[in-house]
Amino acid sequence: MLSKKMEKALNEQINKEMFSAYIYLSMATFLAEKRYDGMASFMQVQAQEELEHAMKIYGFVEERGGRVLLDAIAKPDSDFQNPLKVFETALGHEKFISKSINDLVDLAIAEKDHATKEFLAWFVKEQVEEEANMDRIVGQMQMIGDHGHGLFMLDRHLGERKAD
Ligand code: MG
């Protein structure tokens, strides 16, 4: 069984993952409007992954005899200025999510909840990857600056990302 504290914290994480999907979808619409169709598609795949993260936790809470309680999803930003700002915002958001996962692990340890700690190990690894991906793209965009050709090539490259 999950402790009430752990259950509440996992429910909050479900909300954060749903919000992640929401913010990446919002980035996708912003990018599509600016005709960065490859980056928009990349963000749609990212949003899909976030929904899967939410559902993974949802399944775990139920499996452990807890109750999933859904809360309102906050309104995401809709104006990101330019592609560099989009990916900088994404990187900042992933750092926030990593901290949130770390806090969950801390709580699982404090509650002596080994099953939850073990479950969260996947998310700890996933966050290393998420931060590295976004950081790499931010670096590439800084390198390109506002050179249209470079942005066009990167847009095409990012559009090749497929759902896992
Ligand atoms: Mg996630």
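Helices are DSSP runs (H or I) of at least four residues, numbered from the N terminus. This is a predicted model, in which local features need pLDDT of at least 70, side-chain atom pairs count only at pLDDT 80 or more, and totals for chains, interfaces and linings use all residues. Residues are numbered from 1 along each chain as its sequence is written, and side-chain values use heavy atoms, with hydrogens and water left out.

**View 1. Helix α1 and the residue just after it**. α1 has 30 residues and spans 44 Å from its first C-alpha to its last, close to the expected 44 Å at 1.5 Å a residue; the expected span is 1.5 Å times one less than the number of residues. Just after α1, arginine 35 has a positive phi of about 75°.

View 2. Glutamate 17 lies in helix α1 (residues 4–33) and glutamate 50 in helix α2 (residues 37–63), so the pair, 33 residues apart, links distant parts of the chain. Both glutamate 17 and glutamate 50 are buried (under 20% relative accessible area, 1.4 Å probe, protein chains only).

**View 3. The pairing of α1 with α2**. Their axes, lines fitted to C-alpha atoms over the stretch in contact, come within 8 Å and cross at roughly 170°, with angles running from 0 to 180 degrees between N-to-C directions. α1 and α2 are therefore roughly antiparallel to each other (over 145 degrees).

Definitions and conventions. Helix = DSSP H or I, 4+ residues; strand = E, 2+ residues; numbered from the N terminus. Buried < 20%, exposed > 50% of the residue type's maximum accessible area, 1.4 Å probe, protein only. Parallel < 35°, antiparallel > 145°, perpendicular 65-115°, else oblique.
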